[in-house]
Each structure stands twice: as structure tokens, then as C-alpha cells.
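Here is a short note to read beside the model. Keep the structure open and look up each residue as it comes.

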Amino acid sequence: MEHYEDQHRAEHEDSALIVNQGVQQPPSVNPNWKRVKRRELTTDEYVDGILSQNITILSKAITLVESLKPEHYAQAQEIIERCLPYAGRSIRIGITGVPGAGKSTFIEAIGEMVINLGHKLAVLAIDPSSERSGGSILGDKTRMETLVHNKDAFIRPSPSAGSLGGVARKTRESVILCEAAGFDVIFIETVGVGQSETAVHSMVDMFMLLQIAGAGDELQGIKRGIMEMADLVAITKADGNNILRAELAKTQFVNALNLFPTPESGWRPRVYTCSSVEKKGLTDLWSGVEDFLAFTKKEGYFKSNRNNQDKYWMFQTVNEALKESFYRLPAIENQLPDFEKKVLDGQLSSFVAAHQLLNIYFNNIAKKL
């Protein structure tokens, strides 16, 4: 190689395009570096750490719960089962809103106020996963700079992992772990207005809709289903030149909500205006939250709602387990590509292919029994 370079240089001594040999660079990775495998925590260590309010172990436990690896499933379920007696003592609030409503800014502002009232706050923020790469930005911690450093706050962004409506598959289990760790107020922030709200509504005690004023028709684009689920509506960014528009939006929302039938809880939804930047209106809004909780507990709806949620998630877990069992069965994994090809080639209809795959699944399960 050196002989070739010398010969090449000699043939083109008068050329300005000669490239001299560069300085040899050190390797990009330290050749002496070795990966140190971390010791796996036992179930007892996980549970003891959670109950002693160790945030690091709580984070690891939630990661274990969110894992899709089959070997993590059994341990995660045991951890949840052992934490269950210490759960259920929090206020669970779902927070959603149109893009740009300032959900993260609002959560940080009201979160600090809630902590100052003596509460411990956990924020489970659902980040949308890319349909193409499967990745998530998980940027909520960067948007809640003050709250993330508060010792009484725990912020956990979780990828939606492509589940229905963008809701993280294990959010409900994460709520149980956070409650066992002593957090008595749980915020679940959803991706935005869409199907995810239906799933979040089935795991919270109260549903809060954030809306902005001055964006045209205030009710445009808000689905009736979302409005009917809302127990409280907050018009955000009610500051500066936007105050009058916020008050007008409040009137419009109050009139719209009065047209809806009374919710099952018996509570008539309220509308508030607030400014997360100027910290205005947050005290009144939180008083509305406390009024709602006092009302539903007095009427018995609070407890019956949680009972219905437990039943709902039992069936959801069964459905999810059956789905995973189906796709992980070797006989299905091996034959699925052939069935896909036959459907694409028009040799089988989608429905016939599905029934044949289900027959394969049930026959294999029957042989194991």
C-alpha cells in the first residue's frame, strides 16, 4: 500500500490534487472496555424498594412491567400482586386536550401547587410511538424542568407501543406501583384527542379536558364523546390579550355541556379558565377537583366506578393474554407468512384465513390439555 502511494505521488508531483496520508485515528471504542452485566433484582428487592419509596427501584419495576419479554412477565405480575394491598389510596386524574393546549406546562404548574398542598404526585405521560420506527421521543421530562427535580414528584414518560389509541399497554399496572410507593395523586396525560381517552377514562376517577381559546370556533374538532367524558374543562392560556377570548370560550363550553344528558356520576361538569404561566385560576380549578371527588364519594359513584374498572381490566387482560398466546404459538408463527401470501394473492379471503388460523391454534391448545 505504501509502495503504491509513493509511486502515485511520484507520477503526480505537479498535481494539486495529491492527498497526503492522514494521521491515524485512535479507535472510537475503548479496546479495554467491557460490558458489565447488572445484577437482576429479586422480587423481594423490588417490592421492598417500592414500599420504601425508592424512586430508582420504582422506575426499574415499571420498566419490568412494560417489558414485552416473556421471561419478565411472571416476575412483573408477582410484584404487582404483592403491591396491590398497598394501592388504591390515590386520586387518579386523566388529562387530555388538543395539541398545543399546553398539557405539559399545565401539569407542571398545577403539579407544583398540589405538592405544596402536601400531596405526592406521579405523572404518567403517554408518548406516541412512531408507526414506522416504533420509537418515542419521551420528552415530557424536558418540558417539566421544575417539577422533575421535586423530591415529591415522579414523572414517567411511557411509549404507547402501538396499542389502541396510543395508550401505554401497562399504564394501569404502573398506577398500582406508584400508589404502593406512596404517591396519592396520579396524573395520566394522554397523547391527545382520540381513542386513547376511552382507555384512560377506564382507569381514572376523574377526566379533565384542556382547551385553548382564540383558535377559531372553540367547539370545532372536539368530539362529542370526549366532551361527554369530561368531568371538568379547563380553558388554558387565559392571560394577556387572550383573557376575553378565554371567558367567551368558557361561556360556549358551559352552554354546550348543558345540552348533554347528566353523566352517570350525577355530576354536572364545570368549566374553568386558567393560566399556567401566570399561575392564575389553578386554585379554583383544584377546588373543583376536590368538589367532584367529595360529591362522587358521597353518592357512592367513586367506589362503584372503581369496581367497574377492575372488572373491565380483568376482561382486557384476558383478551390481551389470548392475543399474545395466539401470535407466540410456534404453529401460528410458522404458518402465518403462508396465509398472508395466500390472502395477498387472492387465494383465500381474509375471513377464511382467520378462521383457519384459529382452528390451528385451538387444535394445538387441545393437544396440550
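1. What is the mean pLDDT of the chain, and what share of its residues reach 70 or more? The mean is 83, and 80% of the residues reach 70 or more. Here pLDDT is the predictor's confidence in each residue, from 0 to 100. Over residues 129-139 the pLDDT is below 50. Beyond near neighbours in sequence, this stretch still has 19 contacts in the model. A contact means heavy atoms within 4.5 Å.

2. Some ground rules. This is a predicted model, where local features need pLDDT of at least 70, side-chain atom pairs count only at pLDDT 80 or more, and totals for chains, interfaces and linings use all residues. Residues are numbered from 1 along each chain as its sequence is written, and side-chain values use heavy atoms, with hydrogens and water left out.

3. The overall make-up. The chain has 14 helices and 7 strands. These are DSSP runs numbered from the N terminus: helices are H or I with at least four residues, strands are E with at least two. Of the 369 residues in the chain, 41% are buried. Buried means under 20% relative accessible area, exposed means over 50%, and partly exposed is in between (1.4 Å probe, protein chains only).

4. Surface and contacts. The accessible surface of the chain comes to about 21600 Å². Carbon and sulfur atoms own 53% of that surface. The areas come from the Shrake-Rupley method with a 1.4 Å probe; for residues, only the protein chains shown count as cover. Take the contacts between residues at least 6 apart in sequence: 74% of them join residues at least 24 apart.

5. Look at helix α12. It has 28 residues and reaches 40 Å from its first C-alpha to its last. That is close to the 40 Å expected at 1.5 Å a residue. The expected span is 1.5 Å times one less than the number of residues. The buried residues of α12 are Tyr301, Phe302, Asn305, Arg306, Gln309, Trp313 and Phe326.

6. Which residues make the nonpolar surface patch of about 380 Å²? They are Met314, Phe315, Val318 and Leu322. Val318 sits in α12, residues 301-328. Val318 counts as partly exposed because its relative accessible area is 43%. Like charges are joined within 9 Å, and nonpolar side chains (Val, Leu, Ile, Met, Phe, Trp, Tyr) within 5 Å.

7. Check two backbone angles. Most residues other than glycine have a negative phi. Gln53 is not a glycine, yet its phi is positive, about 65°. Gln53 is in the loop between α2 (43-51) and α3 (55-66). Lys237 is not a glycine either, and its phi is positive, about 60°. Lys237 lies in the loop between β6 (232-236) and α10 (243-258). Gln53 is partly exposed at 40% relative accessibility, and Lys237 is partly exposed at 41%.

8. Is Thr43 buried or exposed? Thr43 is buried, because its relative accessible area is 12%. Thr43 lies in helix α2. Not counting residues up to four places away in sequence, Thr43 touches Gln75, Glu78, Ile79 and Arg82.

9. Finish at His201, in helix α8 (residues 196-201). His201 counts as partly exposed, at 27% relative accessibility. Not counting residues up to four places away in sequence, His201 touches Phe207, Met229 and Gln309. Gln309 is one of the buried residues of α12. The C-alpha atoms of His201 and Ile226 are separated by 9.8 Å, with the two residues 25 apart along the chain.

Methods. Patch = residues over 30% accessible without salt bridge, like charges linked within 9 Å, V, L, I, M, F, W, Y side chains within 5 Å. Salt bridge = Lys/Arg side-chain N within 4 Å of Asp/Glu carboxyl O.
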